[in-house]
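Subject: Structure handover

Hello,

Here is the structure to look at. My notes follow below it.

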Amino acid sequence: MVYLTALVILALSLGLLFFIAQYYRVSNLLSHHQTQKKTLDALWKIEQIIVNSLNFQEVAQKISDSVLLELGKFGFAIIVLILVDDESKSLKRISISRTQEANTALEISPVPFNNISIPLSATENNCVRSVNENKVLTTAHMANVLVPAIDRNFVEKVQKTLGVKTTITVPVSSKNKILGCLIFSVKKSEKDVSTYEWDIIHGYADAVGIALDNSLLYTDLQTTTKKLDEANKHLQELDKLKDEFVSLASHELRTPMTAIKSYVWMVQNHKAGDITDTAQKYLAIVYSSTERLIHLVNDMLDISRIESGRFQLHPAPFKFADLVHEIQTEFLAKAGERHMNWQTSIDPPDTTVTADRDKIEQVLENLVGNAFKFTGDGGTVTLKAFIKDNNLAVAISDTGRGIAKEDMSKLFTKFGRLGEGLPTLSQPGTGLGLYLSKQFIELHHGHVTVDSALGRGSTFTFTLPLG
Amino acid sequence: MADTPQKRLLVVEDDTALRDLYVQILTDSGFTVESAVDGQEAFDKMKKGGYDLVLLDIILPKVDGLTVLEKLSAEAPPEKPNYHIVVLSNLGQDEAISKAMSLGAQGYLIKSDYTPGQVVEQVNHFLELGDNSSAGSTTA
């Protein structure tokens, strides 16, 4: 009977032991799960920082603070974030955890926190070593992360005050570039740092790398964007200044030109008495030279306005036939002098177009003028206006010498005059005519095309949208 | 034309050579022409009023042409109205042009584009446009 009781007690004890063992096993498992969960939570917090903050300083501070929240209870007293400064080739303190120990350290430090700088050549310093060798390092001497910035003896005294026992340096990197390191100062010895705590340390170092990379990138982007904005503003100011200068210059140039033109006209028209035929001839040359200058100033003013976007068209509806008739009359005398065939036509004759009449007149004068200029005596110049695809098309053709293929690209450029042409002083040509004509037509949402070949004559066609 | 009284014109132009020119050709064409050499003189004369047409330059000493128009609009209409105001200037800025037109100018001519003969033509053209008794006075 006693044996039975002893057996039962033994069995119960074993059972109890078994249950106790199981309990611990389960609770360890649970605790392990809990640990895992805690690690995940802690890492998730860092991820949040990455996602939510792009401001570099903010990120740096948040990192130091949040890590401490997790690790503070495990005797982690101070955490410092350090980054490499490429310019000065040194390590600079960026942020420090907001703990009591950290505050104490800040207060008694002879060098202000942000001024603590360790040159990358100080290879006895653990931070430098961690960065240079991409290794986690542990030391019992806090001085090993502060020398040569702060005197060793002094740090040893401070370390005693703070109760720090172990100092761990962990490199921080992103995309295979080492950005700096984290310093963890713990109030316990190395062997007492748990696996969980190491997981946190490594996890944080990784996340810090990413967060910093993102925020540095963003800061870079902001700086670049700001610089671009400033450059753009500067360009706009320059544009405005250029426009004002051209306007002022035009005014100043026009004033004496007006005087020359006007007084020459007075003499030519006998307001100063009779003059000889020779004098008339000479004055005609003076007059047309001045006209050429005036046209040049006008063209440059127009181009400056177009280029700075300040050019305004003044469109209004008008009968195109009227304008054609004016052009016809304008070139009649010249055609007569040079025995040339000059024809204009418009179909249908009552076509109305909405456009800036002055500018279209300028375009016609330019194109017809060119046709006359580059066609020999006895040749033909025609102007045909017709409707095509809901556009008014105007084709100006001549039987002149045509344009060589290699010269086609120069046609509508500024000052892109071709060959020697037939210019005399009596034919004002600025070299800007075709360029401006193209601009004017395109401002009207039309197109200019040219069909020409050497010896075949040329046809310049422009379109203006109708309706 | 012989029975109608001569039209009274005012030429506002600070450049002596041009001012003398315009005064001469307009007088030769049968107008009574007065002149002003700066904005202040222009304002004083236009305030007294009575001109059939004023040729007004913009770049002027003391007070510029546009300011003259502004001041005239701000004041009570002149006893004797100015019927037509035509800006005759070498300043070709679109902003100046629209401002002048909004302040009561009937036209804006770029000096260097016109021979003296063409200026006379333009003056006749504007005079033929008929009376515009509100010119230079209450337009705001």
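In chain B, helix α1(B) buries L18(B), R19(B), L21(B), Y22(B), I25(B) and L26(B). Buried means under 20% relative accessible area, exposed over 50%, and partly exposed in between, with a 1.4 Å probe and protein chains only. These residues cover an arc of only 160 degrees around the axis, which puts them on the same side of α1(B). The arc is taken from the directions from the helix axis to the C-beta atoms. An α-helix has 3.6 residues a turn, so residues three or four places apart point the same way.

Before going on, the ground rules. This is a predicted model: local features need pLDDT of at least 70, side-chain atom pairs count only at pLDDT 80 or more, and totals for chains, interfaces and linings use all residues. Residues are numbered from 1 along each chain as its sequence is written, chains are lettered from A and ligands numbered from 1 in the order in which they are written, and side-chain values use heavy atoms, leaving out hydrogens and water. Helices (H or I, at least four residues) and strands (E, at least two) are DSSP runs, numbered from the N terminus.

Back to α1(B), residues 16-28. At its start, a side-chain oxygen of D15(B) comes within 3.3 Å of the backbone nitrogen of A17(B). A polar contact is a pair of N or O atoms within 3.5 Å; within protein, one must be able to donate a hydrogen and the other to accept it, and residues adjacent in sequence count only if both atoms are side-chain atoms. Just after the helix, G30(B) has a positive phi of about 100 degrees.

Next, the strands of chain B. β1(B) pairs with β2(B), residues 32-36, in the parallel sense over 5 bridges. Two strands pair if DSSP finds at least two bridges between them. R8(B) stands opposite T32(B) in β2(B). The chain runs from β1(B) through α1(B) to β2(B) in a right-handed β-α-β crossover. Right-handed means that, with the strands pointing away from the viewer, the path from the first strand over the helix to the second runs clockwise. β1(B) also pairs with β3(B), residues 53-56, in the parallel sense over 4 bridges. There, V12(B) has L56(B) as its bridge partner.

Last, chain A. T351(A) sits in the loop between β8 and β9. T351(A) is buried, at 6% relative accessible area. Its side chain reaches the backbone oxygen of P348(A) at 2.5 Å.

Best wishes
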